[in-house]
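Hello,

Here is the structure I promised to pass on. Please open it first and then read the notes below it.

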Amino acid sequence: MAGIASFLGRRLIKSVFILLAIVVINFLLVRAAPGDPAMVMAGEAGAADEQYVEQLREQFGLDRPLHEQLGIYVAGVATGDLGHSYRQQRPVWDLILDRLPPTLILTGCAFVLALTAGILLGTLAAMNVGRWSDSAITVLALLSYATPIYWVGLMLILLFSVQLGWLPSFGYESIGAGYAGWDRAVDVAEHLVLPAVTLGLFYMAVYARLTRASILEVRDMDFVKTARAKGLSETRIVFKHVLRNAILPVITFAGIQAGHLIGGSILIETVFAWPGIGRLAFDAVLQRDYQVLLGIFFVTSVMVIVFNILTDLLYSVVDPRIEVA
Amino acid sequence: MSNRLAFLRRLTASGAVAASLLASAAMVAAAAAPAMAQEQIQKGGTLSVIVQPEPPILVLGLNQQGPTQTVAGKIYEGLLRYDHDLSPMPGLAESWEVSPDGLTYTFKLRQDAKWHDGTPFTAKDVVFSTTEFLPEVHPRARANFSHVESVEAPDDHTVVFKLKQPFPAFLKAFEVSSAPMMPAHIYEDTDYKQNPKNATPIGTGPFKFDEWVKGSHIHLVKNEDYYLDGKPYLDDIYFRVIPDAASRALALETGEVDVSQYNDVEPFDVPRLEALPHLSMTTKGYEFVAPLSWIEINTREAPLDDKRFRQALAHALDREFIRDRIWFGLGRVATGPVNSVTPFHEPDVPQYEYDPQKAEALLDEMGLEPYADGVRAEITLTPMPYGETWARLAEYIKQAWGKIGVEVTLESTDVAGWVQKVSNWDYETTNDFVYQYGDPSLGVARTYISDNIRKGVMFSNTMGYSNPRVDELFAAAAVENDPAKREEQLSEAQKILVEDMPVIWLLEMEFPTFVNNRVHNAVSTAIGTSENFADVWVEKKK
Amino acid sequence: MNRDFWRAFARNRGAVLGLAILGVVVFCAVFAGVLYPQSPWDMATVPFQPPLSQDALLGSDTLGRDIAAGIVYGARVSLLIGLTSTAVALLIGVTLGAVAGYHGGRVDDAIMRFTELFQTIPNFVLAVVLVAIFTPSIANIVVAIAIVSWPPLARLARGEFMALRSREFVQAAVTAGQGTGTIILRQILPNSLSPIIVSASLMVATAILLESSLSFLGLGDPNVMSWGYMIGAARTVIRQAWWMSFFPGVAILLTVLALNLVGEGLNDALNPRLARKGRA
């Protein structure tokens with residue numbers, strides 16, 4: 001237990017430095033862009049004059065020297081304040097919190113779906129190496145790996161919403177339907193199916209390939225041979241012995257991917273009008289809403305770090321021989 | 001055109017001005033009524049409207065972007081409304097009067113209007129809005145009300161504007177987005193932009209703010225205390241944020257939303273949606289903004305500084321192709337700087353028909369001979385990043401100009417970069433569109449007069465065009481009280497502009513407004529779906 | 001190595017198929033100008049022509065541009081962006097990974113922290129931001145894709161270099177007084193190439209997908225015809241003109257698939273031990 005605590009401590013300290021570096025780099029990067037938010041707002045208002053633009057700049061502190069703005073921002077982040085959105089007139093933290101649940105639901109479901117289906121398919125393929133089911137799964141994995149996900153999304157909408165009318169085509173829930181409790185959960189779930197499947201499909205392919213390769217790697221190792229010699233059934237061998245060892249690289253990879261899923265959901269959130277953080281990030285880029293963008297970067301980076309630490313911990317659970325180090 | 005002129009003459013004629021105005025206002029109101037009378041109005045129900053992109057804030061005085069108007073137009077109101085011919089109709093003002101010398105505007109306010117928090121709406125709010133709030137934060141209103149010498153409230157329901165000099169366009173300045181009435185009791189002596197009440201906007205309109213789920217929807221509910229009896233008919237309105245164009249079209253198709261406006265539906269989807277039995281399409285309701293698309297040219301840069309070059313570029317474009325193939329038939333080929341639905345449009349100007357040979361002849365005349373690879377000149381085009389259709393237009397322009405030996409490099413930017421480049425004159429050509437706001441003195445002159453060459457300011461004279469005669473004509477027309485003289489001045493200005501070609505006018509744009517057939521009266525005025533929707537009612541969903 | 005390599009490669013039928021598809025794509029890219037002398041941007045025919053029309057084999061788009069011409073020219077851009085961004089990513093990744101793996105200690109630590117930094121930022125978001133900030137052009141898209149793609153290569157190279165660093169032949173070279181640069185380039189790199197080549201071939205595929213995703217969001221270079229752009233432009237008309245997004249989509253799919261197959265073939269051919277197991 002003490003080992004885990006000190007491991008966590010070290011990881012956290014390291015994480016803080018990484019986060020600080022990310023905050024500084026992002027700040028400088030995003031500010032290197034042409035155009036400032038005051039100009040955009042003035043422009044979009046359809047008419048503007050110097051006074052209006054100056055007012056906006058002053059209001060947002062954009063008239064101060066860059067290093068001062070950076071200092072203020074870093075100090076703010078350190079105290080849990082991610083700043084104020086220029087355009088939306090709200091604290092960035094509020095905006096992100098609003099958008100985070102839909103994204104977490106979407107990416108969470110897609111992740112679980114991808115991991116379960118991927119590992120199952122990968123195992124199935126590895127158990128039947130060279131047979132048609134292996135080929136079929138390999139081809140399926142290859143295809144979903146090679147297809148642009150937004151395209152898959154559009155095709156699924158065409159098929160399941162437009163042609164068959166089985167599932168809603170976009171949005172998070174039926175607005176104005178006044179559902180509550182269980183009905184609402186079902187409603188959200190219906191909206192969730194297509195985006196989650198679309199997003200999950202790509203990662204499923206990745207995990208299936210990884211699992212298959214990893215099982216093949218482990219299959220001929222000595223301990224498996226021993227198990228086989230003991231006369232255990234092949235299924236039991238695979239699930240008890242092989243998979244347990246083969247799954248490690250899959251978990252490592254999935255752990256690293258988990259945080260990135262949020263970035264990957266930009267495309268899906270665009271196609272399905274899913275009111276999540278990915279779409280917020282893209283809008284923020286287009287509108288040069290620096291504070292929001294920096295906030296999203298920060299939050300997603302925190303999530304990646306958290307996922308990485310969790311992955312390491314999980315690693316030690318799955319395989320007790322590995323010390324957390 | 002002649003109708004509008006006649007109206008304006010009536011406006012300034014002495015004697016029974018107020019009476020005739022009141023009469024015409026009543027006539028307009030009556031004209032809008034029959035559609036309603038034909039069918040039994042059904043009360044109650046929910047309307048679902050697309051709003052895209054999501055507005056940054058709903059306080060109309062602080063932000064006047066299109067989406068903000070769509071939503072906030074139901075919450076806030078102006079003193080006047082305007083019919084499709086841009087004639088004023090009663091809003092928060094039930095009647096108005098213009099003195100014969102064009103210097104005094106007197107508005108009689110409704111006695112029974114209230115803010116959503118129950119406070120009565122009075123002349124004090126009008127004085128506050130037009131002298132304090134709007135001049136401080138609203139660029140367009142600041143320009144309009146700079147003509148005002150004083151604003152007085154002789155009693156709680158009368159407001160008198162005294163102008164420094166005649167400004168006949170002044171009567172167009174009271175549309176809801178141009179001069180939304182803001183509550184004095186909430187904003188007086190506060191920092192308007194930081195006021196905590198901005199999160200829960202309070203207006204006088206038929207609908208009240210209820211909830212805003214960012215990234216998803218905005219919910220407005222019926223104002224039970226609205227001053228017009230029995231109105232509004234609807235129980236509530238949902239404004240749905242749908243970022244993807246294909247999803248928006250689908251939402252209309254499936255009946256998930258009832259109304260779309262502006263660019264919500266991409267032009268290529270228009271014919272398909274129009275054919276659906278449950279949808280109707282109209283291009284009415286944009287008369288106030290009267291958008292005009294054009295190619296802006298930075299006239300400071302060679303060879304763009306030569307008007308023959310600009311004329312050649314104009315001759316190289318097939319604007320009917322642009323209308324038919326890129327906008328799928330929406331819009332009218334523009335002939336000059338004033339949209340033909342705006343008063344004082346001058347049709348008798350030089351024409352720039354599609355004629356690549358003429359274009360090449362003009363380039364030859366300039367001495368721009370083609371090099372071995374056929375290229376005569378190289379310029380850049382920084383397209384407005386406002387979606388698919390504008391990108392298609394830029395691609396077409398590149399090909400069309402390439403055909404006469406003008407090689408175009410497209411410079412891609414996002415909205416922020418584009419605004420930055422164009423407003424700081426760091427561009428050669430760009431395609432975009434401008435609004436006209438009902439009168440050339442409000443929406444047209446600003447982009448051509450040398451006074452308005454202001455670096456860093458978007459939708460000013462970013463072309464850097466300067467012609468003393470044009471300056472003189474626009475300046476004179478702004479303060480000319482005699483409509484006939486005014487027309488003369490504005491016509492001359494238009495003729496000069498079309499000859500000089502500081503911009504290449506492309507189309508008088510038409511936006512498609514789609515309305516589900518179960519919705520009635522969605523478009524009844526010059527601002528279309530930005531109107532307050534007090535008259536809108538829906539048939540129950542079957 | 002060569003004959004064995006080809007024999008092993010040829011034994012994998014998928015890899016051969018992939019190579020054949022890739023050959024076709026490269027052919028299109030090289031001879032685009034011969035196949036379609038006119039610019040792919042020319043409004044050559046009537047808009048919305050379905051496939052197999054007289055003057056548009058794969059149909060035409062909203063402005064009457066030939067889809068087939070677009071696909072042929074698009075092959076150029078997709079390959080160009082895929083290959084150059086992978087090359088840039090290799091340059092950054094392998095250099096950093098080699099230095100880290102060879103030197104170990106503080107240098108390794110610093111470089112790995114730096115790599116971790118880039119792996120912590122969600123890479124698609126970063127690519128979107130980079131392209132948006134530096135405005136979309138081929139060069140900027142290539143750089144953005146490279147910047148988000150190099151960390152896995154760096155880790156891979158580091159691992160290989162670390163493993164090989166302590167092997168006898170490297171020690172021998174050190175004792176023989178060879179310079180660090182020489183050892184890295186002459187001794188270790190050739191021996192660690194196989195996994196790097198395999199990863200690189202897969203990375204080209206990822207880069208092509210990434211480019212198409214950027215274009216889909218409207219962040220492509222507007223001056224060149226690319227498959228990503230074509231789908232981006234076609235997605236909104238998908239219901240009127242399925243062919244506009246279908247064929248470029250298939251082009252991407254086939255190319256990415258081919259690269260993956262070739263990558264696997266390379267893997268089999270370069271790691272015979274694993275390959276035999278896979279085929280057993």
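**Chain A**

Along the sequence, chain A reads α-α-α-α-α-α-α-α-α-α-α-α. That comes to 12 helices and zero strands. Please keep in mind that this is a predicted model. Of the 325 residues in chain A, 47% are buried. If you take the contacts in chain A between residues at least 6 apart in sequence, 72% of them link residues at least 24 apart.

**One residue in chain A**

A residue to look at in chain A is A:Leu261, which sits in helix α10, covering residues 234-271. Is A:Leu261 buried or exposed? A residue needs 20 or more other C-beta atoms within 10 Å of its own to be called buried. A:Leu261 has 29 such neighbours inside 10 Å, so it counts as buried. Setting aside neighbours within four places in sequence, A:Leu261 makes contact with A:Thr107, A:Ala110 and A:Phe111. A:Val299 is 38 residues away from A:Leu261 along the chain, and their C-alpha atoms are 13 Å apart.

**Chain B**

Chain B contains 17 helices and 21 strands. Its radius of gyration is 24 Å, close to the 24 Å that the globule rule gives for 542 residues, so chain B is as compact as a globular protein of that length. Taken along the principal axes, the box filled by the C-alpha atoms of chain B is roughly 75 × 55 × 45 Å. Buried residues account for 57% of the 542 residues of chain B. For contacts in chain B between residues at least 6 apart in sequence, the share that joins residues at least 24 apart is 71%.

**Where chains B and C meet**

On chain C, 18 residues are in contact with 20 residues of chain B. The chain C side of this contact is made up of 10 nonpolar, five polar and three charged residues.

**The nonpolar cores**

The largest nonpolar core has 331 residues. Which residues have the most contacts inside it? They are A:Tyr207, A:Ile296, B:Ile397, B:Ile504, C:Ala127 and C:Val128. From chain A, this core takes at least three residues from each of domain 1 (2-78) and domain 2 (101-318). Another core, of five residues, lies apart from it and includes A:Ala38, A:Tyr52, A:Val53 and A:Leu56.

Not counting residues up to four places away in sequence, C:Ala127 touches C:Ala144, C:Ile145, C:Val148, C:Leu210 and C:Leu214.

Regards

How values were computed:
Residues are numbered from 1 along each chain as its sequence is written. Chains are lettered from A and ligands numbered from 1 in the order in which they are written. This is a predicted model: local features need pLDDT of at least 70, side-chain atom pairs count only at pLDDT 80 or more; totals for chains, interfaces and linings use all residues. Helices (H or I, at least four residues) and strands (E, at least two) are DSSP runs, numbered from the N terminus. A residue is buried if 20 or more other C-beta atoms lie within 10 Å of its own, exposed if 12 or fewer, and partly exposed in between; C-beta atoms are placed from the backbone. Two residues are in contact if their C-beta atoms, placed from the backbone, lie within 7 Å. Ala, Val, Leu, Ile, Met, Phe, Trp, Tyr, Cys and Pro count as nonpolar, Asp, Glu, Lys and Arg as charged, and the others, Gly among them, as polar. A nonpolar core is a set of buried Ala, Val, Leu, Ile, Met, Phe, Trp, Tyr and Cys residues joined through C-beta atoms within 7 Å. Domain bounds come from an automatic or database domain assignment. The radius of gyration is taken over C-alpha atoms; the globule rule is 2.2 Å times the number of residues to the power 0.38.
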